Amino acid sequence: MLNFVLRRLFSSVAVLLVATFLVFVLADIAVDPLEDLRTSTAPNKAALIAERTQLLGLDQPSPVRYLSWLGGVAGCAIGKCDLGMAWRTNQPVADVLGSALVVTLKLVTVATVLAIVLGVLVGVVSALRQYEGFDYGIIFLSFLLYSLPTFWVAVLLKQWVAIGFNDFLQDATISLPAILAIAIVLGIIFGSAVGGEWRRRFIVFGVSAASTIAVLSYISATKWLLDPALGPVVILVTGLGIAYAVTAVSTGVRNKRAMYTAMTVAVLGAALWWPLQFVFQQANGALITGLAVVAVAVGVVVGYAWGGPDRGQSARTGAIVAFLVAGLIYFDRLMQAWRPYSESSVINGRPIPTIGSQTPNLKGSYWVVTLDQLTHLLLPTLALILISFAGYTRYQRASMLEVMNQDYVRTARAKGLTERTVIMRHAFRNSLIPLATIVPLDIAALLGGAVITERIFGWTGMGTMFLKSLDNAELDPLMIYVLIVGAVAVIANFLADLVYAALDPRIRVNA
Amino acid sequence: MSNIEQSIPDEGDRLENAIELKEVEGLSQGQIVFRRFVRHKGAMIGLVVLMGIVILAATSIGWGPIPGWWKGGGFGGSNPVEIPGGRPTLQLWGEGGFQIGNYPFGQDAIGKDMFALTMRGTQQSLMVMVVIGLIATVVGVLIGAFAGFFRGWLDNLLMRFTDVFIVLPTLVVGAVLGKIFGNVNAVILAVTLGFISWTGLARLVRGDFLALREREFVDAARVAGASNARIMFKHMIPNAMGVIIVNTTLLMSAAILLETALSYLGFGVQLPDVSLGWLINEYQTAFATRPWLFWWPGLFIVAIALCINFIGDGLRDAFDPRQRRIPTTRALRRTEKAAAKREARAASVGTVDGANG
């Protein structure tokens with residue numbers, strides 16, 4: 001094992017060195033730092049050129065300059081970092097890099113997590129409904145999303161989601177045909193996703209369409225979108241729904257103690273809504289994180305308190321429900337900040353922004369600032385999700401189908417296990433193994449690959465740093481970008497191998 | 001989540017096999033694959049639409065030696081604006097019925113014909129896509145084949161070389177290369193992009209070759225005195241053709257998105273030539289006033305990529321030996337009846353024979 005790790009480490013470093021060297025030489029050919037001076041009409045043109053040549057060491061061949069750059073970066077190992085300068089602005093690369101990394105991480109984390117969760121969910125349902133209407137619909141949709149260029153989608157999103165929604169908010173009423181259309185579409189989606197007998201599909205269709213009509217009419221009639229809030233009653237009802245759904249998936253509804261745990265947690269959450277409103281007045285990031293941890297802990301404790309032989313399962317169910325209900329309460333408080341946010345002078349009634357990562361000069365409480373960041377995240381996250389969602393769906397569907405045809409699934413069914421147990425415990429868990437190997441690679445790719453999304457939505461992250469340095473002929477920031485992206489890719493590859501070997505005993509790493 | 005269709009009982013399995021066997025009776029592997037491909041509806045629709053786009057783009061404004069039938073015969077020239085605002089003259093219904101008009105895709109602010117621009121962009125994007133696909137396939141197959149066939153140090157060296165390109169995002173290297181070659185010539189840009197897009201294929205071909213070289217037919221060829229090159233190119237590559245063809249297709253759909261993305265960022269095809277990505281970049285700000293300038297190039301990108309993805313999916317199904325067509329209920333019943341009839345006949349023949357004997 002140690003031998004394998006060492007060998008891998010050595011070859012990774014070698015690969016990284018060759019890759020950075022290649023990019024350095026190529027980029028050196030591509031950019032011309034003297035371009036603006038060559039065409040300048042300044043009287044001291046020759047002196048200026050000589051000065052810049054001196055500054056950037058252009059009189060030396062590029063391999064020599066690569067070595068000196070590498071020496072500076074290697075200094076990090078002994079605590080003397082020299083990442084170079086973005087020479088046009090005279091900024092140290094370390095400063096530029098720090099802020100860019102934070103921005104990109106913020107953008108990529110949310111998008112990746114959401115894309116994985118949604119993609120896996122839809123992929124599993126699609127596999128369970130193989131060769132039915134829902135499955136064909138998802139296959140077509142994933143092909144379509146796969147074929148969409150990011151920059152095209154992004155412009156459409158800006159136009160429809162941001163500008164269209166902001167225009168819609170001026171009035172905030174939904175017309176009757178629109179309500180009916182949305183209801184029918186949602187009804188068809190849910191009806192075909194649930195599947196089974198036609199009677200069952202029609203019932204699901206009717207129920208989901210009718211409830212959509214009711215909710216949308218209420219939203220439209222009360223202009224709810226201008227001043228949204230959930231309130232304790234909606235939180236209680238939704239919480240109970242979440243409790244039932246989570247129990248059904250995680251332990252099965254026949255496990256009474258788990259069901260009682262989930263219900264208790266949901267009721268507790270709704271009861272705590274009122275006192276929490278006062279706590280939220282002093283909110284900050286640390287407090288919210290702490291409250292989330294407390295919520296999960298309460299869920300676990302409630303699960304243990306219900307006791308029984310399977311208290312572990314109850315505790316797990318309780319924790320999941322507690323987290324979701326807590327999220328609901330948090331979301332409700334964010335909604336209450338919506339009105340002050342959209343009416344503030346810098347927002348001026350157009351709350352969905354199309355550019356940047358935050359509104360400059362926005363002053364307000366923790367809630368307003370958080371809401372501002374979320375609205376800025378909305379469009380780029382959507383654009384990123386739409387594209388990686390398709391990949392995850394296809395991948396998860398294929399892997400789930402593969403597992404469902406395995407002998408051990410047949411054995412599980414033959415033992416008389418319920419379909420829920422077969423799917424959740426025997427099939428679903430094993431179908432996640434191949435996913436565990438592409439997630440690290442995907443995160444690595446997203447970290448460097450959000451170039452287009454960042455550019456379109458005006459986020460000054462890693463991708464923008466790369467494009468800017470290429471345009472400005474600044475090699476130092478460009479090389480740091482390449483180094484980080486390459487290193488992350490190498491590490492992700494390595495992690496993926498290790499994870500696969502750990503999860504799947506058929507794989508051996510020391511080969 | 002409760003009613004998963006239980007696996008088909010044995011009787012059904014047997015019938016399905018009977019249908020499958022009857023269909024492939026006396027056909028070569030290539031014919032089977034072709035038949036399966038032709039039966040894939042998505043792939044066939046994709047193929048037809050793609051051919052339509054290629055023919056439209058190639059003939060309308062002319063391509064190289066092919067003369068165009070579209071008036072003006074070129075792109076980039078500006079004319080007086082026909083309908084105020086440059087709205088498209090294409091109309092599908094309404095007064096006067098279906099009409100193409102002089103400017104079916106509309107005109108931009110200075111009166112350029114959007115149809116001609118879109119056609120030129122499609123030509124460029126298709127050309128770049130095919131060149132990237134061809135070069136990446138050749139390089140990927142060669143590197144994968146040598147690594148898988150010879151193993152040992154050569155395999156190690158070639159695979160580390162592949163890793164060098166894998167750790168660098170294609171878009172990043174593409175941008176750097178585009179900065180060098182983009183304003184020179186679209187063909188040269190495509191060639192250089194082809195040289196960085198082969199990594200996935202090389203890995204797959206290597207994996208295939210590692211398995212193939214252990215097979216008996218390779219030993220047989222070696223015993224018969226075939227050279228290494230002959231074994232690789234005459235015996236092993238035809239057996240890896242499925243993987244190669246499928247991945248070349250998928251590579252091409254990635255290639256068209258790469259080219260348009262680079263052109264959008266300004267590192268791809270540049271004026272005086274145009275590509276679909278360049279058009280979107282140029283006209284994205286006009287979305288609110290002249291949405292057609294933005295819609296048409298985008299629709300062509302999506303249509304091409306979608307068609308190729310569907311064709312790739314059809315090819316994958318056609319080459320996959322585990323893939324079985326789900327027979328319709330009617331076909332199942334028919335086979336069942338035929339089997340019953342045959343059995344009845346066999347039984348009666350048996351009794352007659354017995355009586356005679």
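User: How many aromatic pairs does a search of the whole structure find over all chains?
Analyst: Bear in mind that this is a predicted model: local features need pLDDT of at least 70, side-chain atom pairs count only at pLDDT 80 or more, and totals for chains, interfaces and linings use all residues. Side-chain values use heavy atoms, leaving out hydrogens and water; residues are numbered from 1 along each chain as its sequence is written, while chains are lettered from A and ligands numbered from 1 in the order in which they are written. Rings of Phe, Tyr and Trp (its six-membered ring) pair if their centres lie within 6.5 Å, and planes under 30 degrees apart are stacked, over 60 edge-to-face, the rest tilted. Over all chains, the search gives 25.

User: What kind of pair do A:Phe24 and A:Tyr66 make?
Analyst: A:Phe24 and A:Tyr66 are both buried (under 20% relative accessible area, with exposed over 50% and partly exposed in between, 1.4 Å probe, protein chains only). Their ring centres sit 5.6 Å apart with the planes at 65 degrees, so this one is edge-to-face.

User: How much area do chain A and chain B bury between them?
Analyst: Contact (heavy atoms within 4.5 Å) takes 51 residues from chain A and 46 residues from chain B. Carbon and sulfur atoms carry 76% of the buried area, which is the accessible area (1.4 Å probe) lost on putting the two parts together, summed over both. In chain A, A:Phe143, A:Phe151 and A:Trp152 lose the most area to chain B, together 16% of what that side buries. The area for the two chains comes to about 4,400 Å².

User: Which side chain of chain B meets A:Arg394 in a salt bridge?
Analyst: The rule (a side-chain nitrogen of Lys or Arg within 4 Å of a carboxyl oxygen of Asp or Glu) finds two salt bridges across this interface. For A:Arg394, the N to O distance is 3.8 Å, and the partner is B:Asp313.
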